[in-house]
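Here's a quick briefing to read alongside the model. Have a look at the fold first, then work through the points below.

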Amino acid sequence: MDETAELAAFRAEVRDFALTRCPPEIRAVVAANGKLGRKQWAPWQRILHAHGWGAPSWPKEHGGTGWDQRRRHIFDEVLAECDCPPQYHHGLRHLGPVLIAFGTEEQKARFLPGILSGEDWWCQGYSEPGAGSDLASLKTRAVREGEEYVVTGQKLWTSHAHEADWMYTLVRTNAEVKRQEGITLLLIPLDAPGIRVREVRTIDGWHHVNEVFLDAVRVPVANRIGEENKGWTYGKFLLDRERLGGANVAPAFRFLDRCRALVARELAAPGQALKREQLEYRLLLAEAELRGARELGRAAVEAVMAGEPLGLMPSELKLSTADTVQRIGAIALDAVGERVASRFRPVDASGPNAEVEDIEWVQNFMYLRAKTIFGGSNEVQKNVVAKQLFGM
Amino acid sequence: MAFEPKPMLPGDAHDAARRFAEASATTLARLQEPAARAAELAVQWDALLELGWAGMLVPEDCGGAGGTLLDMAALAEGAGSAALALPLVAVCAVAPTLLAGQPLLLAELAAGRLQPCVVLAGGITAETGRLSGRALGVETPPVPGHALVAVEDALYLLDLGTAGAGFTRHERIDGRLTLDLELQGAPARLLAADAGASIARARDLGALLSCVEAVAAMGTLIRQTIDYLLQRQQFGTALASFQALRHRVAEMYVAWRNLTGLVQAALRTPEERNIAFAKLRLGEAGRFVAEQAIQVHGGMGMTEELPATRLARRILMAEFEWGDRHAQAARLLAAA
């Protein structure tokens, strides 16, 4: 078989697996634009792992599939097309590769299997109240006492900390040197004494981010990745591995499809014709932009295959998709906002959000504001692009 | 080293068209009056025909080069990078597509003896081989000779020197020449009665190549904008140091890259839907890049002689060729 036929066969195999093996109740959450949590992700990861597909981006000797970038891209695309959850990334895509590259044999043996099987749940302790886009200014400090670090400080925007077992955490171990050179990467169990996780109530009404307070938390030195004060290097390694994350535009296309169906359903009455046509037009503009982004994503995958540098491609992808997806969310809000935004919180019942039909669209509109903030805000991305274009 | 746009279709054809277009622009820039520019364009058009570009898509047995879409697109990209003010796409790509299956006319076209303008928009009616009605702002070679006129699914060849055919000329915002055709029972030759499919194909090819030209012009425009901001000093520093301007340029660049992706997809698979989405996006991205370029050039952006302004106006005009963004949206929605 030639490469094209092989990839087509691979695509069909993944599709068949996704449609038959991903539990319908999990796919239903994705199809309804719901918020995913460990409850959906962990069983799905277990199923993938049992099939040998637990870690598409890892080498075979560590239990990965050993797939090249093209196959990984197809895998991610097909999962999204079939309304399967994207794999939970903190263990698999962030920490895993760092462990493989810089971890000790003991650390690999201890942590890689739990990531693969979905048994251990990880979150990322990076941002702090005073360190957002400017991450290197982080202040959570770790003081060495014998074979332990004593960690004190506060993390913020910690996604999924409330359902995670572990937090890979950047801490300051030296305040005297250049900021990037005094940072260390520690693996901290969230049930350690001195840790308190508090929900951050976000505008979407979903619980996904937290504050994590660390008060003299004792962490064994054996939980340090690599060398002390080299954490920034590992953190950057991790982010560089993630630079192709934006290449998969398939979830955005599914979101667009669902929004289009919503517009058709919500605005079917003759009296709604003008509004419907305007929203349909805006959907076409968004689709055009997503199609452009999909091509940029394919080009990025091919660049990796050819061993060429990605250059500005990751920033182009982010800037081509993040606010487009926001615009799709805004179209949906325009379709149902009058009916649903007016009934957001229940007054006489418990629970953060009202249980009214289509409320997910309002929640998503709010949630999607974060798209242009996290993972390098759009402003930071524009700085990156401009620096390259102007050569200064 | 500041930004230099990479062509989608690099090679000899691209470079030759680019050099031609750059030389053309340099000469035209010295001429103040539209009539003087039209006369110069006539000279340049003859030179372009000498290069055989009218035969690029004409089969070899009709005296053409038998080139592919990508060969033609490489010429369009090179020409577009300096906003060539000649009807390369209309005459050298759309016309031969309309004339497919007409070997004698194709041979005339390839030889440069037939230089038709192309009328695909409505407004003309036909009765027993006579055409009536008006068509406004039809892109034309500098010396109008013939018109290929679509009337619904029928295709006619009209000699503009014939009785009942009159025209006046204008210059478009991008410096190209157009005709307002006024037809009152002008006798025309029916080339095909059921040419609907080839008319649609020709219009799509025009739309795609307009996108190619515009993408190339956007690349040059972004480069010129960056060069200008690096050079221009205000408040004791280069404008390029101001974040508000840097972010605008980053947005222009991303819009251009995104459109480039769509155009490359349409070049790879030139089917109706891909072309419609690319042209739709050109309406948004092209307009944005043109407007921002004028804005960040400040007062200079309002002047007619600035090369960046000429590129911006070429990009603005490209949207209106072969169906604007709303026409593309209408057909995409109709097909849904």
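At what angle do helix 3 of chain B and helix 4 of chain B pack? In this predicted model, the angle is about 175°, and the axes of the two helices sit 11 Å apart.

**The helix pair in chain B**
- Helix 3 of chain B takes in residues 69–81, while helix 4 of chain B takes in residues 88–98.
- Angles over 145 degrees count as roughly antiparallel, so that's the label for helix 3 of chain B and helix 4 of chain B.
- On the helix 3 side of chain B, the contact comes from Met72(B), Leu75(B), Ala76(B) and Ala79(B).
- Helix 4 of chain B brings Leu88(B), Val89(B) and Ala93(B) to that contact.
- Sorted by class, the contact between these two helices of chain B has 7 nonpolar residues, with no polar and no charged ones.

**Annotated stretches of chain B**
- An unreviewed UniProt entry puts "domain: Acyl-CoA dehydrogenase/oxidase N-terminal" on residues 15–90 of chain B.
- Residues 15–90 of chain B come out at 62% helix and 0% strand, and the end C-alpha atoms are 20 Å apart.
- UniProt (unreviewed entry) also lists "domain: Acyl-CoA dehydrogenase/oxidase C-terminal" for residues 206–328 of chain B.
- Residues 206–328 of chain B are 76% helix and 3% strand, with 13 Å between the end C-alpha atoms.

**How chain A is divided**
- Chain A is split into domain 1 (3–87), domain 2 (122–231) and domain 3 (243–390).
- Taken over C-alpha atoms, the centres of domain 1 of chain A and domain 2 of chain A are 30 Å apart.

Technical notes: Residues are numbered from 1 along each chain as its sequence is written. Chains are lettered from A and ligands numbered from 1 in the order in which they are written. This is a predicted model: local features need pLDDT of at least 70, side-chain atom pairs count only at pLDDT 80 or more; totals for chains, interfaces and linings use all residues. UniProt positions are given in the numbering used here, feature names are shortened, and annotations may be inferred rather than shown by experiment. Helices (H or I, at least four residues) and strands (E, at least two) are DSSP runs, numbered from the N terminus. Domain bounds come from an automatic or database domain assignment. Axes are lines fitted to C-alpha atoms, for helices over the stretch in contact, and angles run from 0 to 180 degrees between N-to-C directions. Angles under 35 degrees count as roughly parallel, over 145 as roughly antiparallel, 65 to 115 as roughly perpendicular and the rest as oblique. Two residues are in contact if their C-beta atoms, placed from the backbone, lie within 7 Å. Ala, Val, Leu, Ile, Met, Phe, Trp, Tyr, Cys and Pro count as nonpolar, Asp, Glu, Lys and Arg as charged, and the others, Gly among them, as polar.
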